[in-house]
Amino acid sequence: MTHIRKLALALILAGFAAPASTAAQVSMSIQMNLPAVLPPLVVVQPGVQVVSDYDREIFFVGGYYWVRNDGYWYRARDPRARWYYVRPNRVPTFLVNAPPGHYRHWHGQGHWKDKERWRADSHRHGHGRGHD
């Protein structure tokens, strides 16, 4: 009977361990090597800012810095800390719909007209939430 109890306990513990390992596999993060001082943020639209005139598009929305890397979105409270993967349905709509590269080296001119153009383009080309 002791052998059966040990086996049952092992199976129960394995069942509890499985969700934890699954969650660990979903968790992705990246480390970015940013300069000590980032260029200033400029407003793209109310509530959305981007690091101005920089090689990467680093947005600031809702108290987080956001970056798209290899088609995935990551966020961090501090741009020099570790960046954590965010599921597509949790990424702000503006960022999901922004054309990749459009705000690279952004100075802040003409953003309202450009915003309407890429919004129309994204609907025309079938880009939806979670795609770039």
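Q: What makes S3 and S4 count as paired strands?
A: Two strands pair if at least two bridges are found between them. In this predicted model, S3 and S4 are joined by 3 bridges in the antiparallel sense, so they meet the requirement of at least two bridges. Valine 48 stands opposite valine 61 in S4.

Q: What lies between S3 and S4, and which residue in the turn has a positive phi?
A: The two strands form a hairpin with 6 residues between them, and aspartate 53 in the turn has a positive phi of about 45°. Aspartate 53 is a residue other than glycine, placed in the loop between strand S3 (48-51) and S4.

Q: Why is aspartate 53 called partly exposed?
A: Buried means under 20% relative accessible area and exposed means over 50%, with partly exposed in between. Aspartate 53 has a relative accessible area of 40%, so it is partly exposed.

Q: Why does histidine 105 get the label partly exposed?
A: Its relative accessibility is 36%. Partly exposed covers the values between the buried limit of 20% and the exposed limit of 50%, so histidine 105 counts as partly exposed. Histidine 105 also has a positive phi, about 60°, although it is not a glycine. Its place is the loop between helix H2 (93-97) and helix H3 (111-124).

Q: Why does glutamine 45 count as buried?
A: Glutamine 45 has 15% relative accessibility. The buried class is under 20%, so glutamine 45 counts as buried. Glutamine 45 lies in strand S2. From glutamine 45 to phenylalanine 94 the C-alpha to C-alpha distance is 9.3 Å, with 49 residues of separation in sequence.

Q: How do you know that S2 and S3 pair?
A: The requirement is at least two bridges, and S2 and S3 have 4, in the antiparallel sense; therefore they pair. S2 and S3 form a hairpin with 2 residues between them, and glycine 47 in its turn has a positive phi of about 90°.

Q: What makes S4 and S5 a pair?
A: Strand S4 (residues 58-61) and strand S5 (residues 64-69) run antiparallel and are joined by 4 bridges. At least two are needed, so the two strands pair. Phenylalanine 59 has tryptophan 66 in S5 as its bridge partner.

Q: What makes S1 and S2 the edge strands of the sheet?
A: The sheet is open and has 7 strands in the order S1-S7-S6-S5-S4-S3-S2, with antiparallel pairing. Strand S1 (29-30) and strand S2 (41-45) each pair on one side only, and these are the edge strands.

Q: Which residues touch the most other members of the largest nonpolar core?
A: They are Phe59, Trp66, Leu95 and Tyr103, in a core of 17 residues. Membership requires buried residues of the nonpolar kinds joined through side-chain atoms within 4.5 Å. S2, S3, S4, S5 and H2 each give two or more residues to this core, and H2 gives the most, with 3 residues. Apart from it lies another core, of 12 residues, including Leu38 and Trp83.

Q: Which residues does phenylalanine 59 touch?
A: Leaving out residues up to four places away in sequence, its contacts include Val48, Trp66, Trp73, Phe94, Leu95 and Tyr103. A contact is a pair of residues with heavy atoms within 4.5 Å.

Key: Residues numbered from 1 in each chain as written. Predicted model: local features only at pLDDT ≥ 70, side-chain atom pairs only at ≥ 80, totals over all residues. Heavy atoms only, no water. Buried < 20%, exposed > 50% of the residue type's maximum accessible area, 1.4 Å probe, protein only.
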